[in-house]
Amino acid sequence: MNPVIVIPTYDEAAALPSLLDRVLAVTPEFDVVVVDDASPDGTGEIAAEFARRTPRVSVLHRAGKMGLGTAYRDGFRHAIARGAQVLIEMDADHSHNPKYLPALVRALDEGADVAIGSRYLDGVRVENWPFRRLLLSRFANYYVNRASGLPTSVVTDATSGFRAYKRPVLETIGLDAVSSNGYFFQIEMAYRAWRLGFVVREVPITFEEHYLTSSKISGAIVWEAVWRTPLLRLAPRRASRS
């Protein structure tokens with residue numbers, strides 16, 4: 001299936017080397033695209049050194065910090081141009097354990113079009129989170145489900161950034177049609193896939209907070225998700241699939 005993992009980075013020098021080592025060891029048949037937004041701490045150079053050592057790693061060096069959504073869109077385009085049939089997204093800070101990568105791809109093999117690593121499927125699985133952050137995350141997902149109409153029977157963790165897509169999902173949605181730049185990207189992609197009739201399944205994961213990098217969530221990112229989520233109901237329905 002030629003899976004390709006897309007990892008956006010900004011100031012991830014402390015975490016990226018060990019993460020890439022873990023990913024390459026756990027998934028010997030997967031490739032990796034690092035999308036670096038001109039990290040001042042040298043993350044891009046670290047990724048480039050991995051790319052020189054192995055053809056399984058490639059790097060997109062962007063001119064500056066342009067947002068999570070654009071990083072994934074650029075990374076997906078790069079991977080698709082290289083023939084990828086499965087596109088996977090994950091964070092660079094070790095919060096997404098590479099051991100779950102085979103399970104995400106296995107869910108696609110078993111009939112899903114999108115597989116989402118869920119922290120909240122059949123319980124709560126997070127490590128090293130203060131209660132306030134857990135409460136915020138739970139409320140955010142509750143808001144997404146209520147405001148957009150995305151059923152909890154389909155997705156309990158729409159804000160999860162650990163997921164896998166079959167290539168036709170991205171081609172049908174159309175990456176140019178997805179305009180979100182922050183963490184709302186995760187919500188929008190999950191909703192559009194479901195609305196277009198693709199099979200979305202969740203895979204239980206444990207989210208592991210390691211504090212290796214600083215939080216990238218800003219007030220503007222939160223506000224984007226708040227006001228844009230109800231507008232998702234205007235997205236094309238299943239009939240738009242061809």
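Q: Over the face of which residue does Arg-138 lie?
A: This is a predicted model, in which local features need pLDDT of at least 70 and side-chain atom pairs count only at pLDDT 80 or more, while totals for chains, interfaces and linings use all residues. Residues are numbered from 1 along each chain as its sequence is written, and side-chain values use heavy atoms, with hydrogens and water left out. A charge sits over a ring if NZ of Lys or CZ of Arg is within 6 Å of the ring centre and within 35 degrees of the ring normal. At 4.5 Å from the ring centre, Arg-138 lies over the face of Tyr-120.

Q: How many bridges pair strand β4 with strand β7?
A: Helices (H or I, at least four residues) and strands (E, at least two) are DSSP runs, numbered from the N terminus. Two strands pair if DSSP finds at least two bridges between them. In one of the bridges, Val-86 has Lys-166 of β7 as its partner. Strands β4 (residues 86-89) and β7 (residues 163-166) are antiparallel, and their bridges number 4.

Q: Which residue in β7 is the bridge partner of Ala-115?
A: Strand β5 (residues 114-118) also pairs with β7 in the antiparallel sense, over 3 bridges. For Ala-115, the bridge partner in β7 is Ala-164.

Q: Is Thr-54 buried or exposed?
A: Thr-54 is in the loop between α2 (43-53) and β3 (57-61). Its relative accessible area is 16%. Buried means under 20% relative accessible area, exposed over 50% and partly exposed in between (1.4 Å probe, protein chains only), so Thr-54 is buried.

Q: How far apart are the closest N and O atoms of Asp-157 and Arg-119?
A: A salt bridge is a side-chain nitrogen of Lys or Arg within 4 Å of a carboxyl oxygen of Asp or Glu. Asp-157 is buried at 0% relative accessibility, and Arg-119 is buried at 7%. The two form a salt bridge, with their closest N and O atoms apart by 2.7 Å.

Q: Where does Asp-157 lie?
A: Arg-119, its partner in a salt bridge, is in the loop between β5 and β6 (126-127). The pair ties together parts that are 38 residues apart in sequence, because Asp-157 lies in the loop between α5 (131-148) and β7.

Q: How many residues apart are Arg-62 and Asp-37?
A: The side chains of Arg-62 and Asp-37 meet in a salt bridge at 2.6 Å, N to O. Arg-62 is in the loop between β3 and α3 (68-81), and Asp-37 in the loop between β2 (31-36) and α2, so this pair links distant parts of the chain. Arg-62 is buried at 9%, as is Asp-37 at 5%.

Q: In which helix do Arg-77 and Asp-74 both lie?
A: Arg-77 and Asp-74 form a salt bridge, with closest N and O atoms 3.2 Å apart. Arg-77 is partly exposed at 34%, and Asp-74 is partly exposed at 27%. They are 3 residues apart, about one turn of the helix, and both lie in α3.

Q: How many aromatic pairs does a search of the whole structure find?
A: Rings of Phe, Tyr and Trp (its six-membered ring) pair if their centres lie within 6.5 Å; planes under 30 degrees apart count as stacked, over 60 as edge-to-face and the rest as tilted. Tyr-72, Phe-76, Tyr-165 and Phe-185 form one aromatic cluster. Over the whole structure, the number of aromatic pairs is 5.
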